[in-house]
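Please look through the sequence and the model below before reading on.

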Amino acid sequence: MTPENPYEDFFTSDSGNSKEQKPDKNPAKKISNEENIFEENIHDRRFKSSRESLDEVLVSLRQFEEKAAAFSKLLSETRAIQHKVVSLISRLFLTNQKSPDKKSLAGERAYYRVLLKKFINIIEPMKVLAQIHRKTVTQFNRDIDEDYYSIDKEDHQIKKEKKQAVEGINLQRSILADAAADLSILTDALVATEKRMNKYVDAGNYNNISSSELKFMVSQRESLTSGNDHQFQFKIFDINIIDKTVLQLGGYQKETSQEYLSKLMEAFKARD
């Protein structure tokens with residue numbers, strides 16, 4: 001006798017007592033090796049931003065410029081150049097150069113405090129700018145070269161923006177170099193003031209300072225002007241006249257900048 005459902009045998013087990021489970025309508029998709037690689041890399045930091053490398057460099061440049069406007073004004077208002085230490089011979093021949101001697105210990109102390117305040121006012125915002133600068137240079141050297149291309153931009157636009165990036169990096173270096181020069185001037189002025197205060201050691205009367213106090217002042221100042229207090233070696237940003245000329249002409253040598261970048265990595269550490 002023929003079963004009522006001729007296809008029943010296809011849906012029963014060998015025992016004929018239970019039906020097999022129907023296949024899943026949405027089976028799990030088998031992921032290829034290529035897709036697995038993508039799945040792993042999608043969590044990589046390089047895949048988190050849709051912004052292109054050159055665009056990120058330009059954004060960093062704008063961040064620097066926003067802060068550099070106020071910082072440049074600060075350098076003007078600080079007038080560090082007026083504290084430049086000039087030799088006695090130079091003062092004799094340059095009538096506009098006055099002796100920094102304050103004629104009393106109290107005067108020297110007050111002048112010393114002014115120099116310290118100016119130094120701190122410069123080094124703290126300078127460090128912030130230097131951190132942005134390091135980020136900019138690091139990314140430019142790592143990602144931007146002669147073969148750099150963009151899927152969204154034409155060659156002439158890339159060329160223009162690369163030139164803009166180089167000019168921006170050079171401007172950053174110039175601003176940081178000016179700040180480093182001012183800090184060096186203030187450091188020399190502090191050292192010269194300490195030497196003048198030395199004549200008041202155990203002098204007696206109101207113009208008296210102990211040897212111990214002066215040594216402590218020198219030790220505290222050295223920790224500050226060496227960069228240790230802020231873990232920031234500002235002297236790395238010093239540049240000579242030749243380097244300044246190259247920067248003003250818009251030069252950017254990749255090999256040279258790699259050496260500079262290695263110095264930048266050490267700029268934010270305390271000295272041993």
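Does Glu52 count as buried or exposed, and at what relative accessibility? At 17% relative accessibility Glu52 counts as buried, a word used for under 20% relative accessible area with a 1.4 Å probe and protein chains only, whereas exposed means over 50% and partly exposed lies in between. This is a predicted model, in which local features need pLDDT of at least 70 and side-chain atom pairs count only at pLDDT 80 or more, while totals for chains, interfaces and linings use all residues. Residues are numbered from 1 along each chain as its sequence is written, and side-chain values use heavy atoms, with hydrogens and water left out.

Glu52 is placed in the loop between helix H1 (33-41) and H2, where helices are DSSP runs of H or I with at least four residues, numbered from the N terminus. Leaving aside neighbours within four places in sequence, Glu52 is in contact with Tyr148, Ser150, Ile151 and Asp152, contact meaning heavy atoms within 4.5 Å.

The axes of H5 and helix H6 (residues 211-225) come within 11 Å and cross at roughly 175 degrees; axes are lines fitted to C-alpha atoms over the stretch in contact, and angles run from 0 to 180 degrees between N-to-C directions. H5 is therefore roughly antiparallel to H6, a term for angles over 145 degrees. The table names the residues that make this contact.

| Helix | Residues in the contact |
|---|---|
| H5 | Thr187, Leu190, Val191, Glu194, Met197 |
| H6 | Leu214, Met217, Val218, Arg221, Thr225 |

Methods. Helices (H or I, at least four residues) and strands (E, at least two) are DSSP runs, numbered from the N terminus. Angles under 35 degrees count as roughly parallel, over 145 as roughly antiparallel, 65 to 115 as roughly perpendicular and the rest as oblique.
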